[in-house]
Amino acid sequence: MPDSVDAEEVRHVADLARVDLDDDEVDEFVDQFGDILAHFEALEDVPEVEAEPDLVNVMRADEVEECLSQADALANADETEDGRFKGPNVS
Amino acid sequence: MSLNAFITEQRIEGDDDGALADATVAVKDNISTEGVETTCGSKMLEGYEPPYDATVVSRLKDAGATIVGKANMDEFGMGTTTETSYFGATKNPVDESRVPGGSSGGSAAAVAAGEADLALGSDTGGSIRCPAAYCGVVGIKPTYGLVSRYGLVAYANSLEQIGPIAETVEDAAALLDVVAGPDEHDGTTREVRRTSDSRAGDARETREEGADSDYAGAAEGDVDGLTIGVPTELVEGAEDAVVDVFEDALDDLEAQGAEVVEVSLPSVEYAVAAYYVIAMSEASSNLARFDGVRYGHSGGYDGNWNESFAKARSEGFGDEVKRRILLGTYALSAGYHDKYYKQAQEARSWVKQDFDEAFDDVDVLASPTMPMLPPELGESLDDPLKMYLADANTTPVNLANLPAISVPAGTSEGLPVGLQLVGPKFGEETIVNAAAAVED
C-alpha cells in the first residue's frame, strides 16, 4: 500500500494535520511520498534490539514560580479580548 | 547582504566583560531572542518577537558576546541546503553559486565570510556539521543533554542540540564552554544528582555535565596513541573527490601517531530512514502549535475553527515543512505506527548499540561529514529523497545522542571537504583534541 499512496490518502492525512493542500500539491506529494515511503520500508528488516534506557525522574516539585506576565504572553497574538487569546469560532 | 546569511541584522549587546567580550556571534533564527524577531525561516513566524531569551542567549550575553543578528536557516530546520527559508536561500561564501549546506547555513556562512566571529546553530540530523563542512569551518554537535534547548523552537526534540560554529576548533570549543551545562528550564540537561540509588547498588551520576568545562583547553591536537575507527559503511557511499581528501587527512593523523582501524556499523544503513521517520513524527506534533492564534501568521480567517487553522497553516508553511508534517502524521497514524515509527525506534536502539560496541575498541570514529561536495543552488530541491540521503553520515550520531565535530580536512575542486569525528557520550574533549590535529 505505502508504495502507492493515492490522492485520497494524501488529502486525508492533510486533513488530520490541518494543512490545506491545493490540487497541484496533492499530485506532487502523491509522487514524492511513494518514493520516500518505499525507502522507509527498509526499516522492516531491522532486528529487535534489547535496550534498557537509564531513566531518571526529572520532574520538579509543583511549586508556583515566576512566569511570563499576561501582557507578555498575549503580546504576539493577532487578536485578544479581555486579556485572553481570541481565535476563530469552534463551529 | 549579498550572501543572505542573516534574516534579521540587529546588534544585541552583552555584558561589558566576560569570556566572549570581544566576540561577535550570529544566532540561528530558531533560537529565541527577547524582543528580537525570531522566525525559524518561516512565514508562519514572521514578526514574532519572543518574550524571553533562550538559555544559550542569556549565557552569550553573560559572557559579554555581541550578537550581530539572526542567521538564515532552512524553514524550521528542515533542509540540508538552506534553500527552504521563506526569506530566500543563503549563498556559500566559498562559491556563491553553491549552497552553504543546512539547515544552519546562515550561521556557517556568516562565520566563513567574516560577518561574525562565531555562530550558534542547531543540529537535528547534521544541521551544524553539514554547513560547517560545505563552508570550510568547524561545527560541533554536542552530546544530547549537554546544552540547554530551552528557547530553541522545537522541530524534533529527541534529536536536536544547539552547538557552536567557528573558524577554528579552539574557538568552537570556547563557545561550547560558554553555552554548555545544566539548566533548570530543560530537564534533558544533566543536573546534579545528590542522592545515591541503593537499588542500583552504587552512587548515581553526580557530575554536572559541562558545568565547569574546559573544552577549549582540550584543543591540543595530540593524537599520539589515539585509536581512530573508520566505519566502512560511511566511506563507501561518498564521492571519490571527498574520499581522497578524507584519506589524506587520515594519513596525516597516522603520521602524528594515531592508529587507524576499520570498523563496521551495519545499523547505519538504516539511519536515514529511522531519522526521518522519527524527526517527521516529532515535527508533526511540535508544529501543531502553529495555528496563528497565540502568535504567528493567522491569515485573518473567520468561521470554522479547523478550517481557519488549515488555511492559515497552508499559507504559513513552505513545501518541505508541509511534506514533513504530512509524512509524520502518516507515520503515526492508525495502521502505520508499528510499521514506521516503532521500527524506527528499533533502528535507533540498534544504532546506539553499534556505536557503544565500536567505542569498546576505538577512541573516536572518523568519516567524511558529507558524502558529496556542496551542490549548486537549486540542484537538489526537486528530489526530496535524494536530499534526505545526503544525511547518511550525520544522522546516525543524532539517533545515538553522541557528540560529533566537523573540521575542514582540505579542498577538492576548490571546494571544502569536512571530516567528521564522533566521540562517546560526553566525550567532547576527545573529539576536540583529535579535530585540532586535523586542522594543524
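## Interface of chains A and B

About 4,600 Å² is buried between chain A and chain B, and carbon and sulfur atoms give 65% of that area. The model is predicted. In it, 51 residues of chain A are in contact with 54 residues of chain B.

Polar links also cross between the chains. The count is 18 residue pairs in polar contact, with both residues at pLDDT 80 or more. The rule finds 4 salt bridges across the interface. One salt bridge joins the side chains of A:Glu28 and B:Arg323, at 4.0 Å from N to O.

## The chain A side

Two elements of chain A give two or more residues to the side that touches chain B: helix 1 (7-16) and helix 2 (23-40). Helix 2 of chain A supplies the largest share, 10 residues. By class, this side of chain A has 29 nonpolar, 15 charged and 7 polar residues.

## The sheet of chain B

Chain B holds an open sheet of 11 strands with mixed pairing. The strand order is 1-3-2-4-6-5-10-11-9-7-8. Strand 1 (6-8) and strand 8 (259-263) of chain B each have a single partner strand, so one side of each lacks a neighbour in the sheet. On average, neighbouring strands are turned by 35 degrees against each other, direction ignored.

B:Thr8 stands opposite B:Lys70 of strand 3.

## Helices across the sheet

Helix 2 (residues 105-112) of chain B lies across strands including strand 1 and strand 4 (118-123), running at about 155 degrees to strand 4. Helix 6 (residues 240-255) of chain B lies across strands including strand 8 and strand 10 (404-412). Helix 6 of chain B runs at about 110 degrees to strand 10 of chain B.

Terms used:
Residues are numbered from 1 along each chain as its sequence is written. Chains are lettered from A and ligands numbered from 1 in the order in which they are written. This is a predicted model: local features need pLDDT of at least 70, side-chain atom pairs count only at pLDDT 80 or more; totals for chains, interfaces and linings use all residues. Side-chain values use heavy atoms; hydrogens and water are left out. Contact means heavy atoms within 4.5 Å. Buried area is the accessible area (1.4 Å probe) that two parts lose on being put together, summed over both. A polar contact is a pair of N or O atoms within 3.5 Å; within protein, one must be able to donate a hydrogen and the other to accept it, and residues adjacent in sequence count only if both atoms are side-chain atoms. Helices (H or I, at least four residues) and strands (E, at least two) are DSSP runs, numbered from the N terminus. Ala, Val, Leu, Ile, Met, Phe, Trp, Tyr, Cys and Pro count as nonpolar, Asp, Glu, Lys and Arg as charged, and the others, Gly among them, as polar. Two strands pair if DSSP finds at least two bridges between them. Axes are lines fitted to C-alpha atoms, for helices over the stretch in contact, and angles run from 0 to 180 degrees between N-to-C directions.
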